[in-house]
Amino acid sequence: MNKELRPCVIAGNWKMNKNRLEAKALIEEMKPLVADASCEVVICVPYTNLETALELTKGTNIKVGAENCHFKKSGAYTGEISAEMLSEMGVEYVVIGHSERRQYFGETDQTVNLRTLAALEAGLKVIVCVGETLEQRELGYTETLLKFQTKMALTNVTADQLKNIVIAYEPVWAIGTGVTATADQADEGNGYVRAAVAEVYGKAVAETVTVQYGGSMNAGNCDELLSKINVDGGLIGGASLKAPDFATIVKAGSK
Ligand code: PGA
């Protein structure tokens with residue numbers, strides 16, 4: 001982290017977990033544990049939990065995010081949710097381009113870009129995800145791929161809009177697998193992302209962008225990962241479903 005230049009953002013990504021009752025219990029347990037955080041605390045929850053999360057976090061330091069949004073404002077897109085619908089509710093963040101969406105739901109670099117632009121336009125903050133597969137890493141394409149995905153995601157995003165962007169480097173091979181990137185691998189990946197931002201917006205701007213690491217970050221490894229200069233926070237899946245674990249990561253992000 002380098003908190004003088006950019007804020008630390010610790011975000012939970014609940015994925016398709018927790019019904020409303022479970023969500024309520026988790027948020028209530030979490031609230032006092034993260035209340036004195038000196039980093040940004042976000043929980044990205046299923047659409048069905050947004051209302052609950054917004055209600056329960058009112059007046060607290062916990063921000064609420066969604067896990068995706070569509071790029072059209074409205075229309076005949078059965079089953080989709082627009083960025084405007086989210087911002088109108090009071091949702092502040094949205095995750096875009098998660099590897100699970102790329103892998104299972106036909107998300108492409110183009111649609112990641114469209115969703116990102118739509119979300120920014122609606123006034124949301126975007127956590128845009130990039131990351132290489134194991135095969136791409138083994139072929140030596142990590143840097144090329146991370147730079148490409150980053151630049152594609154940010155196409156037509158202005159330097160001013162970049163203030164509302166957080167980028168999450170999530171190596172696909174580390175997500176939900178229990179295999180964490182080493183702190184050096186995370187720092188290197190995040191560094192490639194920052195370098196890509198620098199190539200488009202200049203080094204000074206790139207230094208102000210929060211780049212998270214995600215992929216099996218947990219209460220045991222968060223301190224080491226967040227000690228790296230380019231790791232400005234975390235996007236946390238599994239460990240965000242347990243209040244004490246998430247709180248430990250928030251504590252590490254608050255140092
Ligand atoms: P994980 O998920 O922490 O369970 O690996 C991270 C993510 O997919 O955002």
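Which helix holds Arg115? Arg115 belongs to helix 5, which covers residues 109-121. The views below come from a predicted model.

**View 1. Arg115 and its surroundings.**
Arg115 has a relative accessibility of 9%. Buried means under 20%, so Arg115 counts as buried. Its side chain comes to 3.1 Å from the backbone oxygen of Cys69.

**View 2. The aromatic pair of Tyr104 and Phe105.**
Two aromatic pairs occur in the structure. In the pair shown here, the ring centres of Tyr104 and Phe105 lie 6.3 Å apart. The ring planes stand at 85°, so this pair is edge-to-face. Tyr104 and Phe105 are both exposed.

**View 3. Arg101 over the ring of Phe105.**
The ring of Phe105 also has a charge over it. The charged end of Arg101 sits there, 4.2 Å from the ring centre. Phe105 is thus seen with two partners: Arg101 over its ring, and Tyr104 edge-to-face.

**View 4. The aromatic pair of Tyr169 and Tyr213.**
Tyr169 and Tyr213 form an edge-to-face pair. Their ring centres are 6.3 Å apart, with 65° between the planes. Tyr169 lies in strand 6, residues 165-169. Tyr213 lies in strand 7, residues 210-214. The pair therefore ties together parts 44 residues apart in sequence. Both Tyr169 and Tyr213 are buried, whereas Tyr104 and Phe105 are both exposed.

Notes. Residues numbered from 1 in each chain as written. Predicted model: local features only at pLDDT ≥ 70, side-chain atom pairs only at ≥ 80, totals over all residues. Heavy atoms only, no water. Helix = DSSP H or I, 4+ residues; strand = E, 2+ residues; numbered from the N terminus. Buried < 20%, exposed > 50% of the residue type's maximum accessible area, 1.4 Å probe, protein only. Polar contact = N/O pair within 3.5 Å; in protein donor to acceptor, adjacent residues only side chain to side chain. Phe/Tyr/Trp six-rings, centres within 6.5 Å; stacked < 30°, edge-to-face > 60°. Lys NZ or Arg CZ within 6 Å of the ring centre and 35° of its normal.
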